[in-house]
Structures are given as C-alpha cells and as structure tokens.
Amino acid sequence: MEFTGQNPPQSNHMTLEEFILLGFSDVPNLQRFLFRVFLIIYIIILVGNSLIIIITKVDPSLQIPMHFFLGNFSFLGIRYVSVTVPRLLQDLCRQDRNISFLACATQMYFFLVLGATECFILTAMACDRYVAVCNPLLYPLIVNSSLCTQLAAGCWTSGVPVHIGFTYFIFSLPFCGSNQLNHFFCDIPAVLKLACGDTFMIEMLIYVIALLVVTVHFLIILGSYVKIVLTILKLPSATGRAKSFSTCSSHLMVVAIFFGSVIITYLRPKSSHSARTDKFLSLFYTIVTPMFNPLIYCLRNKDVMVALKRFLLKWIALRQKQ
C-alpha cells in the first residue's frame, strides 16, 4: 500500500465539510449497465447468504461448529457488502454524490471493522478444520459450543476499539483543497490523498494494523492448511481423502480469493498504481468476493447442498398447501 509521507501544500486552506464520491463518473455511458450489474450481484449476495443462514439454523444435520461459523460468515457477508453497495447504487442513479464527513467516517469505520472480522472468522474456520482433520478424536472435546460462541464473539468485537480510534485519527486530520474523492466509497488511501499536512504516523499505523490483522492471520490460515493437506495425504482411504479435500477446498478457495485480492490491491508496486485500477481491484474484493462465498459453499459442500434441497422442497410443499 503506497502513500506519500506528506501531501503537498494546498492553495485553498478552507476546511472541507464534505466529500464528493467520483465513483465511476469517468464512464458516464456505463452508468445504467453498472447499476444493473451491481444490483444483480447485491441480490445474489443477499439471497444466497440468507439461505445459508436459515438452513444452518433450522437443519439439525448442520448443527456442528463448521456450519456455525459458516452462518456467522454469511451474516458478515451481508453486512460487509451493505456498507458500500447501497451507496454505490444510489450514486449511479444521481448527480449529487456528496457525502458528509460523518457519513464518510461511519462508512470507513464499518468497512474496516467488518473487513477485520472477516479475517478473524476465516482464521477461526481454518483452525476448526485443522482440529477436525488433524485431531478428529479430540475434536468434540476441544471445539464445543461454548468455545465456538466465545470465538465468534471475539471475531465480531476484537476490531471495534482499534478501528474506532483509527477512524477518529484519520478524520482528525485537516482536509483542504479539492474535496473530490476518486473512489466509490471512503477507502483509506483515497481519503488520505485529500489530507493536508504530515500523514507519516497514519501511514505507519496502517502498516502495523495491516500486519496484525491481515498478514498474521493469513499465515495462520496457510499454516493450518499445510498441516491439513499433509494429514489428508496420510489417509489410507481414497474416499476419505476425497471427502476431506472437498470439505476444506471450499474454505481454501474463499481464503485465496479474499486475501489474494487484498494483497494485489495493497502490496503491488507503486508504479502500477492508478485511480481506475485501485477502484477496479477494490470492487473485486468488496463486492465480487462476497458474491462467490455462498456459491462456493453451496456448490462445494455436499451437506449444505442436501440441506438446501431439503429446505426448498419443504418450502415449496408448504406454499402448495396454501
């Protein structure tokens, strides 16, 4: 992630009170097309994740830790994408794209907190699979309902205090000059480009938080799956190996998509940075990735597919009786 240590002085020192989200205004002929595409993606995310939440709650065969975390992950997916997409859809339909400081700070805060929560939940799911595959006899004793509840609570709350202070720190900076935010939501790099004065401390803080929240958890997940793969390869039964790979591959695909897109966005060379590329990559990991989550888990998880079919058949039968 590249920033300049100090932004150049601005000729206009009047403090700004709002931003203008430029979004995709550079392609005016595609506004209606983009609106339809993003609306369809948003509906897919809402419906797909809602179905997973419902079946993991009502189907007795899915009352296990893996699907407990899957339900949390689906609920997170709905909230995460709802931070950016509704505002994006509105901006594609209107000329007034102003956003107040308070609304911008609120959007950034929830985006950061929910993004951190996704890292934590993915890590918890990886650890769950590690214990299930590498220590199957101890799994019921180690991963019980009490531990799952505590882990879920920790995932949802751990990032709250850090990002309250972090967001306040960013919006305590003076903003002057241009108020045009060249992004479709209030992302950190785009906002910092409009800040006046020295941003070196903020930049260092960003690297520290990214290291602790993204890099460390990615390494934990990677290490867990290395151990899982090595354990699976030792299984004598080809059927057992196939079933284990099928169970873990869906989670691994989500991890690869999420962390891969984040790494490409923030760790690529400075020479390749541009506003248009940054918006495109941000769009990928903020909207496209959440769309893949329910599709991957439904298509790659036999238990979820069976439960989903059973739920839909019951729902259709109930509708026919009415």
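Select helix 12 (residues 302-321) and colour its buried residues, which are Val-304, Ala-307 and Leu-308; buried here means under 20% relative accessible area and exposed over 50%, with partly exposed in between, using a 1.4 Å probe and protein chains only. These three cover an arc of only 100 degrees around the axis, which puts them on the same side of helix 12, the arc being that of the directions from the helix axis to the C-beta atoms. On the other side of helix 12, Lys-302, Lys-309, Leu-313, Gln-320 and Lys-321 are exposed. From its first C-alpha to its last, this helix of 20 residues reaches 29 Å, close to the 28 Å expected at 1.5 Å a residue, where the expected span is 1.5 Å times one less than the number of residues.

The model is predicted, so local features need pLDDT of at least 70 and side-chain atom pairs count only at pLDDT 80 or more, whereas totals for chains, interfaces and linings use all residues. Residues are numbered from 1 along each chain as its sequence is written, and side-chain values use heavy atoms, with hydrogens and water left out. Helices (H or I, at least four residues) and strands (E, at least two) are DSSP runs numbered from the N terminus.

Next, select helix 7 (residues 159-171), whose 13 residues reach 18 Å from first C-alpha to last, close to the 18 Å expected at 1.5 Å a residue. Its buried residues are Gly-159, His-163, Phe-166, Thr-167, Ile-170 and Phe-171. Looking down the axis of helix 7, you will find them within an arc of 120 degrees, so they line one face of the helix. The face turned away from this buried side carries the exposed residues Pro-161 and Tyr-168. If you then show what covers the buried residues of helix 7, the cover includes strand 1, helix 4, helix 6 (145-157), helix 8 (188-192) and helix 9 (200-233).

From that cover, move to the strands. Three strands form an open sheet of mixed pairing in the order 2-1-3, two strands being paired if DSSP finds at least two bridges between them. Strand 2 (98-100) and strand 3 (180-181) stand at the edges, each with a single partner strand, so one side of each is left without a neighbour in the sheet. Strand 1 (residues 18-21) pairs with strand 2 in the antiparallel sense over three bridges, and Phe-19 stands opposite Ile-99 of strand 2.

Within helix 4, pick Arg-129, which counts as buried at 9% relative accessibility. Arg-129 and His-251 are 122 residues apart in sequence, yet 9.2 Å apart in space, C-alpha to C-alpha.

Gln-31 lies in helix 1 (residues 31-58) and counts as buried at 10% relative accessibility. Leaving aside residues up to four places away in sequence, Gln-31 touches Phe-24, Ser-25, Asp-91, Leu-92 and Arg-97, contact meaning heavy atoms within 4.5 Å. A polar atom of the Gln-31 side chain lies 3.2 Å from the backbone oxygen of Val-27. Finally, select Asn-293 in helix 11 (residues 275-300), which is buried, with a relative accessible area of 6%.

Technical notes. A polar contact is a pair of N or O atoms within 3.5 Å; within protein, one must be able to donate a hydrogen and the other to accept it, and residues adjacent in sequence count only if both atoms are side-chain atoms.
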